[in-house]
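Reader: I am new to this structure and should like to understand the terms used to describe it. Please set each value against its definition.

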Amino acid sequence: MSQLKTISHLDNIPSTPGKFKMDKSPYIHRLRWHSWLCRVGLWSVVFIGFILIFFLRSPPAPSAGDPARRILGNAVWGGPAWEKRVRSSARVRRNHGLSVLVTGAAGFVGTHVSTALKLRGDGVLGIDNFNDYYEVSLKRARQTLLDRSGVFVVEGDVNDSALLRKLFDVVPFTHVMHLAAQAGVRYAMQNPGSYVHSNIAGFVSLLEVCKSANPQPAIVWASSSSVYGLNSKVPFSEKDRTDQPASLYAATKKAGEEIAHTYNHIYGLSITGLRFFTVYGPWGRPDMAYFFFTKDILRGKSISIFEGPGHETVARDFTYIDDIVKGCVAALDTAGKSTGSGGKKKGSAPLRVFNLGNTSPVPVTELVSILERLLKVKAKRSMQKMPRNGDVMFTHANISLAQRELGYQPTTDLQTGLKKFVRWYLGYYSNSGKKRIG
Ligand SMILES: NC(=O)c1ccc[n+]([C@@H]2O[C@H](COP(=O)([O-])OP(=O)(O)OC[C@H]3O[C@@H](n4cnc5c(N)ncnc54)[C@H](O)[C@@H]3O)[C@@H](O)[C@H]2O)c1
Ligand SMILES: *[C@@H]1O[C@H](CO)[C@@H](O)[C@H](O)[C@H]1NC(C)=O
Ligand SMILES: *[C@@H]1O[C@H](CO)[C@@H](O)[C@H](O)[C@H]1NC(C)=O
């Protein structure tokens with residue numbers, strides 16, 4: 001705004017020529033005044049031109065009505081130093097390595113996948129909006145971890161297409177690992193809008209930018225086992241029906257699969273959807289049962305265990321994070337190329353969906369027993385009738401397709417995986433909340 005004030009100040013000058021009277025001859029005075037006026041006029045035009053260029057080139061000012069901007073507060077992006085960081089983080093350091101944009105990089109799965117890719121020499125750039133759905137300090141601690149392995153996480157929203165376009169201008173990503181989402185089944189009843197914002201609008205913005213990029217990247221994204229909804233045929237296979245979602249979360253993931261179909265069909269984008277089955281492990285999500293059960297057992301608080309009408313307990317196909325990471329990386333490595341460029345399709349591209357589970361459902365009562373043994377604390381169990389809030393009774397993955405196409409083979413059982421989780425948990429939350437990282 002200071003530039004605007006300067007312009008009006010300059011504009012005022014010609015209206016007070018008397019101030020500039022320096023010569024006694026009226027003729028010479030008029031001549032000088034005339035040439036002075038020309039110069040001022042010329043320089044004003046140049047100056048206004050510069051200001052126009054400045055405004056046209058800078059990103060649009062954040063509008064107060066945009067929820068994404070409000071979450072972000074005063075986060076800024078752009079500029080030479082920022083671009084240098086982006087490029088350096090995304091630089092490939094091995095032959096035929098990938099250059100991957102990881103969305104939701106400060107999330108649980110995002111952190112692990114980013115680290116794994118970086119470690120083998122791929123270029124990785126993260127983006128995350130650090131929203132406060134669960135403790136932001138945990139996301140920040142993961143960011144510190146990523147920073148140490150050379151992964152820069154840009155603070156931004158996947159629904160911000162200007163930012164995404166900028167990232168693709170700076171780096172020609174070969175792949176996108178899209179993990180940013182509003183997760184959680186029960187929270188959808190409290191904040192349905194956040195699911196539409198991140199899982200629908202955010203996904204569409206991302207696909208729009210990807211389809212226009214030249215070259216187009218291949219996309220691997222996280223769907224969810226929740227798309228099977230009320231399906232009762234076990235184990236869940238990719239071909240089973242997925243048209244009875246039990247929660248808005250599941251419905252947005254199902255919508256994502258249909259949207260993926262459209263972008264593959266119209267624009268030739270290579271898209272792989274991964275249906276994760278209850279992922280757990282170190283640096284996990286505090287809103288998930290294994291995590292808050294651990295917290296509550298340690299505090300001596302009673303924990304609610306849900307059961308069905310015939311006292312059957314809820315069961316989950318718990319999948320350890322390292323197994324999921326292997327599945328994600330294999331999906332990136334086997335993703336065929338997108339065929340289009342600059343928004344035009346040139347041929348058909350792969351569209352794939354895989355279950356990534358562990359193939360052995362465990363009743364939640366058993367999960368609690370394992371935690372009791374590992375924590376050496378008896379849990380206060382409170383058995384409750386399962387409320388109809390979006391959760392399903394059980395999940396069980398058929399992974400034969402991922403085995404065949406991705407070489408996916410989970411190797412960690414719940415006992416082993418929880419042992420690693422508990423070790424991390426105790427370390428992270430020791431010293432009464434003081435964080436120990438790495
Ligand atoms: N963990 C599981 O058990 C599980 C199961 C099925 C599917 N998934 C899916 O896997 C993906 C990763 O899950 P997670 O467990 O790591 O969850 P997470 O919440 O830890 O990670 C998601 C990250 O995305 C970020 N994010 C959310 N909305 C965003 C937006 N609009 N723009 C930018 N960043 C945004 C969040 O800040 C968070 O850091 C999600 O798509 C989730 O739906 C997870
Ligand atoms: C996402 O971004 C679009 C385009 O910038 C905007 O119109 C829309 O309101 C945003 N959607 C949500 C749900 O935030
Ligand atoms: C698992 O899925 C495959 C298809 O990918 C199918 O051939 C097989 O019959 C399924 N197995 C079971 C036990 O349902």
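Reader: Which residues are closest to ligand 1, and what makes a residue part of its shell?

Author: A residue is near a molecule if its C-beta atom, placed from the backbone, lies within 6 Å of it. In this predicted model, 28 residues surround ligand 1, the closest being G104, G107, F108, A181 and A222. Two or more residues each are given to the shell by α5 (108–119), β2, α8 (192–212) and β5 (218–224); the largest share, 3 residues, comes from α5. Helices (H or I, at least four residues) and strands (E, at least two) are DSSP runs, numbered from the N terminus.

Author: On conventions, residues are numbered from 1 along each chain as its sequence is written, while chains are lettered from A and ligands numbered from 1 in the order in which they are written. The model is predicted: local features need pLDDT of at least 70, side-chain atom pairs count only at pLDDT 80 or more, and totals for chains, interfaces and linings use all residues.

Reader: How do the residues around ligand 1 divide by class?

Author: Ala, Val, Leu, Ile, Met, Phe, Trp, Tyr, Cys and Pro count as nonpolar, Asp, Glu, Lys and Arg as charged, and the others, Gly among them, as polar. The shell around ligand 1 divides into 13 nonpolar, 11 polar and 4 charged residues. Ligand 3 is surrounded by P235, S237, N398, S400 and L401; that shell has 2 nonpolar, 3 polar and no charged residues.

Reader: How do you know that the length of α6 agrees with its number of residues?

Author: The expected span of a helix is 1.5 Å times one less than its number of residues. For the 13 residues of α6 this should give 18 Å, and the end C-alpha atoms are 19 Å apart, which agrees.

Reader: What makes T278 buried, or R91 and F130 partly exposed?

Author: A residue is buried if 20 or more other C-beta atoms lie within 10 Å of its own, exposed if 12 or fewer, and partly exposed in between. T278 has 21 C-beta neighbours inside 10 Å and therefore counts as buried. R91 has 16 other C-beta atoms within 10 Å, so R91 is partly exposed; F130, with 18, is also partly exposed. R91 lies in the loop between α4 (80–90) and β1 (99–103), and F130 in the loop between β2 and α6.

Reader: What is noted about the backbone of F130 and of P215?

Author: Most residues other than glycine have a negative phi, and most peptide bonds are trans. Phi of F130 is near 50°, a positive value in a residue other than glycine. N214 and P215 are joined by a cis peptide bond, with omega about 5°; P215 lies in the loop between α8 and β5.
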